[in-house]
Amino acid sequence: MTFEEFVAVRLPALARQATVLAGDPYVAEDVLQDVLVKAQLRWARISGLDAPEASLRKMIINELLSVRRRVSARLRRERLHLPVGTDGDGAEQVAQRDALIRMIRALPVRQRIVISLRYFDDMADADIAAVLGCRLTTVRSLASRALAAMRVVAGRQPAREET
Amino acid sequence: MIDNEAIRDALRVIAADAPSTRDVLAGLAERQRLHRQRRLLVTVAGVGAAAATAGLAGLSVRQLLASDDAFPSIVGGPGGGWLQVPLRHRPTWLPGGYGQAGAARRPGRRQPGRGHVPDLGVPGLGARADHPDGGVDRRVARFPGAQPADRPHRDSGRQRDCRPARPNGSGQHVPDLAAARRRPAHRHRAQRRRPR
């Protein structure tokens, strides 16, 4: 399979994956273009692997974890405002989901990557540790902290509704 | 309360905002061109830096080797000009055998000691040990042409002529033979007049 054939077939899935990992479609587009440029230069080696998609996913994660990306992601996170609760029963679920989405996007990069790989790709913690190049306990710690932050946001909604 | 399904639902919503394939491919060509330019620039800069480093190292090694192989040319004379000091006396003519009148030729008449001019092989270059500034022996100053170059004359107090002796074409100094022949004649006439 040539690089062009691979891109034509797998680019939509890669774009969705990059968007979930990055938490922002514009950052995902930028990261995906960088990764594709690098992958095209090394396509002879990548195409020989069993799972080229896994290699590109690893490249996307490495690009997100680069210092340059992490600095810009921290700046975006500082500009984030926590969601404000809305009135009404039907709107409460929508508002809670919206708050959760914004909270996932505002997570630190490593925590968001762990949450994405665990709940979007249904990967085991050991596989996530292999992808991130860290220990299993580190992955569980990152996931625990991310879930705790999301629970804080979920528990804040009723409290804001009362006030 | 947040459960796993709520998180998956939120992630699916985020994934739905993924950029379109057309947008990704549209910027891909431009990014490839920029990437190639950056790689070329980095390669050229690296090659240039490596060439400059190798050139400087090679030049240094060449200079070191050249200084070992050949005697360096001295600009400005011996010692690069540091050895050029003004002469205290003008080199000129001295009578033959001057400075060699030691005890070996006339034993018992004169012993080497105070005021003796050692034979250095060069006439007129004997320095007196009792002279504080290594001045010339008076016998040297009595001969015509052997004039101090920078000491005032004892009689008149005037500064003597400090012009260097004129060298001939071969670089050797021409002794003033005519003045040397005339001077003893004047002295003989003065001595003949003195008893009167």
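Is B:Asp17 buried, partly exposed or exposed, and what is its relative accessible area? B:Asp17 is partly exposed, with a relative accessible area of 39%; buried means under 20% relative accessible area, exposed over 50%, and partly exposed in between, with a 1.4 Å probe and protein chains only.

This is a predicted model, in which local features need pLDDT of at least 70 and side-chain atom pairs count only at pLDDT 80 or more, while totals for chains, interfaces and linings use all residues. Residues are numbered from 1 along each chain as its sequence is written, chains are lettered from A and ligands numbered from 1 in the order in which they are written, and side-chain values use heavy atoms, with hydrogens and water left out.

**Salt bridges between chains**

- Over all chains, the structure holds 12 salt bridges, a salt bridge being a side-chain nitrogen of Lys or Arg within 4 Å of a carboxyl oxygen of Asp or Glu.
- Side chains of opposite charge can pair when their charged atoms come close.
- A:Arg105 and B:Asp17 form one salt bridge, at 2.8 Å from N to O.
- This pair crosses between chains, with A:Arg105 in helix H6 of chain A and B:Asp17 in the loop between H1 and H2 of chain B; helices (H or I, at least four residues) and strands (E, at least two) are DSSP runs, numbered from the N terminus.
- A:Arg105 counts as partly exposed because its relative accessibility is 30%.
- B:Asp9 and A:Arg97 form a salt bridge in which the closest N and O atoms are 3.7 Å apart.
- B:Asp9 belongs to helix H1 (residues 4-16) of chain B and A:Arg97 to helix H6 (residues 89-106) of chain A, so this pair also joins two chains.
- B:Asp9 is partly exposed at 27% relative accessibility, and A:Arg97 is partly exposed at 35%.
- A network of salt bridges links A:Asp30, A:Asp34 and B:Arg31.

**Helix H2 of chain B**

- B:Glu30 forms a salt bridge with B:Arg33, and their closest N and O atoms are 2.5 Å apart.
- The two residues B:Glu30 and B:Arg33 are separated by about one helical turn, because they are three residues apart in helix H2 of chain B.
- B:Glu30 is partly exposed at 39% relative accessibility, and B:Arg33 is partly exposed at 36%.
- B:His35 is placed in helix H2 (residues 21-69) of chain B.
- B:His35 counts as buried because its relative accessibility is 17%.
- Not counting residues up to four places away in sequence, B:His35 touches A:Val37 and A:Leu41, contact meaning heavy atoms within 4.5 Å.

**Packing of H1(A) and H2(A)**

- Two packed helices are described by the angle between their axes and the distance between the axes.
- Helix H1 (residues 3-22) and helix H2 (residues 25-41) of chain A pack at an angle of about 140°, with their axes 9 Å apart; axes are lines fitted to C-alpha atoms, for helices over the stretch in contact, and angles run from 0 to 180 degrees between N-to-C directions.
- H1(A) and H2(A) are therefore oblique to each other; angles under 35 degrees count as roughly parallel, over 145 as roughly antiparallel, 65 to 115 as roughly perpendicular, and the rest as oblique.
- The crossing of H1(A) with H2(A) is right-handed, where the near helix is turned clockwise from the far one by less than a right angle, anticlockwise being left-handed.
- Residues making the contact include A:Phe3, A:Val7 and A:Leu11 of H1(A) and A:Leu32, A:Leu36 and A:Gln40 of H2(A).
- The contact of H1(A) with H2(A) has 13 nonpolar, two polar and one charged residues; Ala, Val, Leu, Ile, Met, Phe, Trp, Tyr, Cys and Pro count as nonpolar, Asp, Glu, Lys and Arg as charged, and the others, Gly among them, as polar.

- H7(A) is largely enclosed by the rest of the structure, because 10 of its 11 residues are buried.
- Among the buried residues of H7(A) are A:Gln111, A:Arg112, A:Ser116 and A:Arg118.
- Helix H4 (residues 52-64) of chain A and H7(A) have axes that come within 10 Å and cross at roughly 155°.
- H4(A) is therefore roughly antiparallel to H7(A), and their crossing is right-handed.
- A:Arg57, A:Ile61 and A:Leu64 of H4(A) make the contact with A:Val109, A:Ile113 and A:Leu117 of H7(A).
- Five nonpolar, no polar and one charged residues make up the contact of H4(A) with H7(A).
- A:Asp122 is in the loop between helix H7 (109-119) and helix H8 (125-132) of chain A.
- A:Asp122 is exposed, with a relative accessible area of 53%.
- Phi of A:Asp122 is near 55°, a positive value in a residue other than glycine.
- Most residues other than glycine have a negative phi.
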